[in-house]
Amino acid sequence: MIRIFLFIILILGSGVWIPPSAEAKVYLDITSPAVRKLPLMIRTPGTPASREIESIVKSDLGFTGLFTFVDPGVPGAEIIADIGVEVSDGFRVTLSLQDLIMNREVLRRRLISSVVRPLAHSISDAIYMTVTGKEGMFRTKITYLVNTAPGRKELQMMDWDGARSRTVTAKGLTSSHCWSQDGKYLLYASGRKRKWKIYIFDLKDFREMTLFTAEGLNMVGGTSRSELVALSSSRDGDSEIFTMDLYGKGFRKITRSFAIDVSPVFSPDGSRIAFVSDRGGTPQIYTMNLQGGDLRRLTFEGSYNTSPSWSPDGKWIAYSGRTHGKNQIFMVQSDGSEIKQLTGSGNNENPSFSPDGFFVAFDSDRDGRRGIYIVSLRDGGEKRITPKKMRASSPEWSPYLK
Amino acid sequence: MKRIAAIVLMVFALGCAKKYTKAPDTAGAPGGLTQEELEAGRIPEESVTEMDIAGRDAAAESDFSLDDQGKSAFKDIYFDYDQYDIRTDARPVLDGIASFLKNSGETNIVIEGHCDDRGTNEYNLALGENRAKSAKNYLVSRGVSPDRIIVITFGEEKPLCMEPAESCWQQNRRAHFVIVKSRFQ
């Protein structure tokens, strides 16, 4: 019986071992507004593979604005991350985190992968989780559109830092797109052969299927955790909001207005939909419940507010709004009570929250050709993640991925 | 002894349940990955990498565009910013198209709706569709059968003019007409 007991311990504890006394310690309280930076030292054996891993981990953790890096041999570090890398049939990493103040190991983990970048991002996730107690977003992805010719846009997917981009579909003119909440499917609207259809793409098999087809313009908005899909369709005349499930069943009409209603997204709890409507004369952001009732207009400033994206905690809706003749990214509280402006230079559109809620991806023409940028909501740090020569737009951040 | 095992299992079950509710925003994956999780997770990761699909189907499938295939015999009509009603200056063009169609029974027409590039693609696609539909409704009101008209929206995706100036934006806020011989399916 004792053997069984040990066996259970081993299964649950494999790879993770945290001394009971250290379990409660959170080094950085990222929920506090004035969070300090943690001095971290990263040590690797210095081989080419380990240097590459180190540089990816530093780039990941550095962009959070939560860490300062202390070089080996220099005093001042609070935590040391030792990354041992063994290259044989892929990469075998032993990650050990030592708390220099309590003088104890707080994490030891073995990781195996044949691909460097996801391996490095997993190391970043492990360090981030140990230090903050929260899940990191270093293994998430971003889908986006690339303009390859006039009237032709393909859907691509990349790591959150812009690396490892690949084409999902190059057929026709792809427009709106989103992720299923389990991260297993992409949904997108594509104009092909004079028809706008909604497709669902299985990321495991890398296979496309048709999800919804009707006369007119059909565009997918967002998905909910209860596997609902919000879409817009002009099959009955002007564009209205509908919902159905991920299997194309349970089709329901939600809005009935003589106006353009597009870009529906669910609140994180799935109880409301934010969308764009010009029913008041200009495009503005509204929210409603899933029956189309309890309609509330959220934006009143300016005459052009579009592209809502709901924050993971449900408190904010990011959108793109026109001010002084340019489009900028704003955030409005989901009850309409407070507005913040996030961008100021160039035209910035199509915001999308990271699953941890600390970052927003958007597209901008501030450096010439339109590309994808991400901004940290902690410290306002920004970076462009698509190449200067690529014409890219409409980022959609994935949920957490396994 | 069995009771102890049951308690042990319960404790772990409770521990897991608690851990899950702690992070309601997550879709399942805990922060870092254990060896098992990473190995499980690397299968789709790898299958994606191995399937080099970039560009594979670009040539195989359809082009969405139509206007490259047939030059238009008719002028474009223009719309005001964020509007889709037919302006008075568009009526002579539409009246000309209506009488042409009534006198040539074999032909059909594709109406493309376009927008300037300010604003959001999705809203502009809907706006472009409404512009094409306004033109269609006008032609139908002049006696053209709706079966002979197909509308397509390109939103802001096919601008004629790329300068950030009103004169240019006006050229892009248009409906474009393409006469086609073939019947629509």
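These notebook entries record what I looked up in a predicted model.

**Conventions.** I number residues from 1 along each chain as its sequence is written, and I letter chains from A and number ligands from 1 in the order in which they are written. Local features need pLDDT of at least 70, side-chain atom pairs count only at pLDDT 80 or more, and totals for chains, interfaces and linings use all residues.

**Entry 1: domains of chain A.** I found chain A divided into domain 1 (28-132) and domain 2 (141-397), with bounds from an automatic or database domain assignment. Taken over C-alpha atoms, the centres of the two domains are separated by 34 Å. I then looked up contacts, which require C-beta atoms, placed from the backbone, within 7 Å. In chain A, 4 residues of domain 1 are in contact with 8 residues of domain 2.

**Entry 2: Gly162(A).** I located Gly162(A) in the loop between β7 (152-159) and β8 (166-169) of chain A; strands are DSSP runs (E, at least two residues), numbered from the N terminus. Gly162(A) counts as partly exposed because it has 18 C-beta neighbours inside 10 Å; buried requires 20 or more other C-beta atoms within 10 Å, exposed 12 or fewer, and partly exposed lies in between. Leaving aside neighbours within four places in sequence, I noted contacts of Gly162(A) with Ile385(A) and Thr386(A). Ser114(A) stands 48 residues from Gly162(A) along the chain, and I read 20 Å between their C-alpha atoms.

Methods:
Contact = placed C-beta atoms within 7 Å. Helix = DSSP H or I, 4+ residues; strand = E, 2+ residues; numbered from the N terminus.
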